[in-house]
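Work through the exercises below on aromatic ring contacts. Each task is followed by its solution.

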Amino acid sequence: NLFPDYATLGAPDRSQLGTDSYSDYLERFVREVKPELISYDNYRVQFSDDLKRANLANSYYQNLLEVRRVSAVHGLPFWNIVSSNQIRPQTPAPSPANLLFQAYTILAAGARGLTWYTYYSGGYHYAPVDKNGDRTVTWSNLKMVNDQVKILGPRMLKLRSTGVYFSAPAPVKGLTELPGRVVKAVECAPPVMVGEFSGEGDESWVMIVNLSLQDSARIKLTWGGKPGGAQIMSAVDGSLASIEANTMLLAAGQGVLVKAP
């Protein structure tokens with residue numbers, strides 16, 4: 001498992017990465033280890049005070065997209081390990097919104113694996129299982145998220161990630177804004193992430209994620225191709241249902257998988 005992009009660079013005796021940049025670190029790992037996948041961890045969602053500190057939130061997005069890029073170049077799947085406890089005493093506790101956000105942004109980027117650090121407290125607070133071995137409220141919240149991933153994951157493993165875009169203005173600098181190939185634009189007050197995928201035949205799919213951890217989002221999609229006929233996949237049973245007026249309402253941090261028209 002690899003370091004995140006906020007590991008230290010610099011002189012060999014002080015560097016965790018041992019390279020001049022994070023991209024070099026990833027490329028060297030692939031070149032020398034010849035792995036079957038790339039796995040890394042990133043806890044910036046909590047470190048950034050639930051994304052309120054933009055300079056730290058930037059690391060979460062950029063790290064996710066850089067690992068995605070290198071994985072795509074080398075034809076490797078990638079996994080991300082994110083936080084399901086209070087990673088430091090000064091950081092927020094895990095909430096339904098920040099757990100959903102971490103899961104759905106990872107799925108929207110085309111990751112093939114999602115891991116949580118950690119189920120057992122191990123000295124951390126607000127873990128899913130406390131120091132006495134008892135399940136906590138976090139357990140219930142995390143189960144809610146994992147139940148959705150368990151339904152959508154098998155479908156997404158059959159899809160190929162083709163692009164990642166953000167509504168304007170993007171939540172942090174340097175992210176690619178819409179239009180994409182499938183989604184031309186979104187109308188929404190909170191920022192939105194759009195992961196585009198190709199499926200069987202000429203099928204196109206998108207994952208839409210509400211990037212706010214405080215507010216629900218009413219999202220209206222404008223498609224790059226045909227205007228109607230999109231369907232949402234239920235995260236409860238995998239069934240498909242039509243989208244009325246290409247508009248959906250997502251809770252804070254929530255995502256949805258949509259079959260494009």
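**Exercise 1.** Does F47 count as buried or exposed?

Solution. The model is predicted: local features need pLDDT of at least 70, side-chain atom pairs count only at pLDDT 80 or more, and totals for chains, interfaces and linings use all residues. Residues are numbered from 1 along each chain as its sequence is written, and side-chain values use heavy atoms, without hydrogens and water. Buried means under 20% relative accessible area, exposed over 50%, and partly exposed in between (1.4 Å probe, protein chains only). F47 has a relative accessibility of 16%, so F47 is buried. Y6, at 25%, is partly exposed.

**Exercise 2.** Describe the ring pair of Y6 and F47.

Solution. Rings of Phe, Tyr and Trp (its six-membered ring) pair if their centres lie within 6.5 Å; planes under 30 degrees apart are stacked, over 60 edge-to-face, the rest tilted. The whole structure holds 9 aromatic pairs. Y6 lies in the segment before α1 (22-33) and F47 in helix α2 (residues 44-47), 41 residues apart. Helices (H or I, at least four residues) and strands (E, at least two) are DSSP runs, numbered from the N terminus.

**Exercise 3.** Locate Y61 and F166, and classify their pair.

Solution. The pair of Y61 and F166 is edge-to-face, at 5.7 Å centre to centre and 90° between the planes. Y61 belongs to helix α3 (residues 54-74) and F166 to strand β4 (residues 160-166), 105 residues apart. Both Y61 and F166 are buried. Ring pairs join Y60, Y61, F101 and F166 into a cluster.
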